[in-house]
Number of protein chains: 2
Amino acid sequence: MTTAAAEPGSPGPVRRARGEQTRQLILETALRLFRERGYAETTMRVIAKEAGVAVGNAYYYFDSKEHLIQGFYDRNQNEHRLATTALLADEKDFAARLRGVMHAGIDVNEPYHSFAATFFKTAAEPSSPLSPFSRESSPARDASIAIFRDVLEGSTAKLDPELRKELPELLWLGWMGVILFWVYDKSPGQRRTRRLIDGAVPLIDRLVSLSRLRVLRPALRQILTLIDSVRRDD
Amino acid sequence: MTTAAAEPGSPGPVRRARGEQTRQLILETALRLFRERGYAETTMRVIAKEAGVAVGNAYYYFDSKEHLIQGFYDRNQNEHRLATTALLADEKDFAARLRGVMHAGIDVNEPYHSFAATFFKTAAEPSSPLSPFSRESSPARDASIAIFRDVLEGSTAKLDPELRKELPELLWLGWMGVILFWVYDKSPGQRRTRRLIDGAVPLIDRLVSLSRLRVLRPALRQILTLIDSVRRDD
């Protein structure tokens with residue numbers, strides 16, 4: 001079909017753009033079918049057919065349904081990053097940055113709430129490559145932790161230096177807790193999740209400032225030691 | 001079969017004992033089959049057959065597979081209570097009570113670790129009646145919260161009076177976090193979970209004592225307000 005003379009592995013820009021378009025088409029079709037028919041019930045064959053591409057072509061872009069979900073995670077991650085770029089460039093207050101990033105994350109995920117509720121049981125299985133803690137999810141996870149690192153590093157927050165090193169990952173863990181709450185949240189428009197964010201952010205902000213108090217030093221050390229000991233994979 | 005002349009609804013002690021035995025037999029058979037063949041794949045018909053009872057009889061004791069799991073929760077709850085009775089009667093130190101209760105809870109659940117990992121996806125689905133947060137799970141949940149109330153009330157711990165009211169439920173929530181960690185824990189003998197408990201208990205103990213510090217009063221109020229606002233079901 002294409003007349004580009006590019007070598008395999010170094011496609012020309014036109015072909016690359018078209019490839020990206022096909023990839024997006026397959027991903028969007030898959031997500032629609034997952035929502036409509038359920039994740040377990042939707043096969044790669046059906047996805048290819050609905051997207052109007054050959055099955056082999058679909059497999060060229062995504063090795064399996066799991067890879068489609070990883071593609072979904074990556075895309076959401078990009079959207080989350082884009083939705084917070086302006087805020088993170090302009091705002092210096094830690095709490096305002098954190099609040100903005102969390103609400104933007106919920107905004108980005110909102111269209112997928114009903115899908116998330118049914119899909120959750122697949123991702124939640126401990127051995128699933130789709131778990132947010134899996135090796136396979138590490139690119140999306142690292143990208144998400146990087147946003148929280150930005151929240152902290154671009155802010156004027158003053159805090160204990162050892163806590164500073166750990167905080168981005170702790171914030172990400174807290175964010176996973178918010179996402180878990182959101183998946184379970186049946187209130188209209190998931191407003192309980194919005195309330196959780198609005199209530200948790202000033203609290204986190206306060207605790208971060210308190211980390212410099214001498215009276216809290218032992219408790220803080222204890223928290224950091226606990227994190228370290230639990231993280232050890234043995 | 002039985003010659004007891006008891007009215008329906010008020011069986012004699014012999015018949016009640018035999019009923020309890022049959023109930024236990026069905027429950028244990030079901031748990032074994034769930035472990036061996038998986039939860040989704042095991043039908044009530046197969047359970048009845050393996051237990052050597054009529055299908056109608058199995059349904060007499062358990063309306064559905066979900067009820068079997070609720071029966072499993074209730075039984076684990078009882079075992080957890082029994083395993084901690086002596087400790088809670090003798091020990092007065094808050095941290096020692098909490099540590100003992102958490103380790104005993106893991107001991108009781110240990111034989112079901114591999115089952116828990118595969119079963120988790122069913123219980124984790126937000127709409128599932130088997131979720132620990134569901135209305136259907138409230139007897140087992142209330143029994144578990146009662147253990148943590150005992151941990152606190154029978155101890156010599158001194159803490160902020162408002163925190164005292166909320167702490168049993170907070171400890172239970174923390175316990176759900178430990179169970180979640182345990183489900184995911186692939187270390188030999190789940191020793192990471194044991195480490196988590198050993199590290200978290202002194203930390204909780206310290207934070208509980210710190211709750212009386214004036215400098216932390218505003219943060220504590222903020223935590224209690226947040227819990228309250230998030231709990232509101234609207």
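Reply: To describe a crossing, axes are drawn as lines fitted to C-alpha atoms, for helices over the stretch in contact, and angles between the N-to-C directions run from 0 to 180 degrees. The helices themselves are DSSP runs of H or I with at least four residues, strands are runs of E with at least two, and both are numbered from the N terminus. This is a predicted model, in which local features need pLDDT of at least 70 and side-chain atom pairs count only at pLDDT 80 or more, while totals for chains, interfaces and linings use all residues. Residues are numbered from 1 along each chain as its sequence is written, chains are lettered from A and ligands numbered from 1 in the order in which they are written, and side-chain values use heavy atoms, without hydrogens and water.

The part to look at is in chain B, where the axes of helix 4 (residues 65–90) and helix 6 (residues 113–124) come within 13 Å and cross at roughly 125°. Angles under 35 degrees count as roughly parallel, over 145 as roughly antiparallel, 65 to 115 as roughly perpendicular and the rest as oblique. Helix 4 and helix 6 of chain B are therefore oblique to each other. Their crossing is left-handed, a term for a near helix turned anticlockwise from the far one by less than a right angle (clockwise is right-handed).

Contact means heavy atoms within 4.5 Å. On the helix 4 side of chain B, Ile69(B), Phe72(B) and Tyr73(B) meet Phe115(B), Phe119(B) and Ala123(B) of helix 6. These residues divide into six nonpolar, no polar and no charged. Here Ala, Val, Leu, Ile, Met, Phe, Trp, Tyr, Cys and Pro count as nonpolar, Asp, Glu, Lys and Arg as charged, and the others, Gly among them, as polar.

Glu136(B) has a relative accessible area of 36%, so it is partly exposed; buried means under 20%, exposed over 50%, and partly exposed in between (1.4 Å probe, protein chains only). Beyond its neighbours within four places in sequence, Glu136(B) touches Gln70(B) and Pro129(B). Glu136(B) and Glu66(B) are 70 residues apart in sequence, yet their C-alpha atoms are 9.5 Å apart.

A second crossing joins the two chains. Helix 10 (residues 217–231) of chain A and helix 9 (residues 191–210) of chain B have axes that come within 9 Å and cross at roughly 165°, so the two helices are roughly antiparallel. This crossing is left-handed. The residues in contact divide into eleven nonpolar, three polar and four charged. Among them, Ile223(A) and Leu226(A) are on the side of helix 10 of chain A, and Leu196(B) and Leu203(B) on that of helix 9 of chain B.

Chain A comes to ten helices and zero strands. Of its 234 residues, 47% count as buried. Ser155(A), in the loop between helix 7 (138–153) and helix 8 (161–184), has a relative accessible area of 12% and is therefore buried. Its side chain reaches the backbone nitrogen of Ala157(A) at 3.1 Å.

How values were computed:
Polar contact = N/O pair within 3.5 Å; in protein donor to acceptor, adjacent residues only side chain to side chain.
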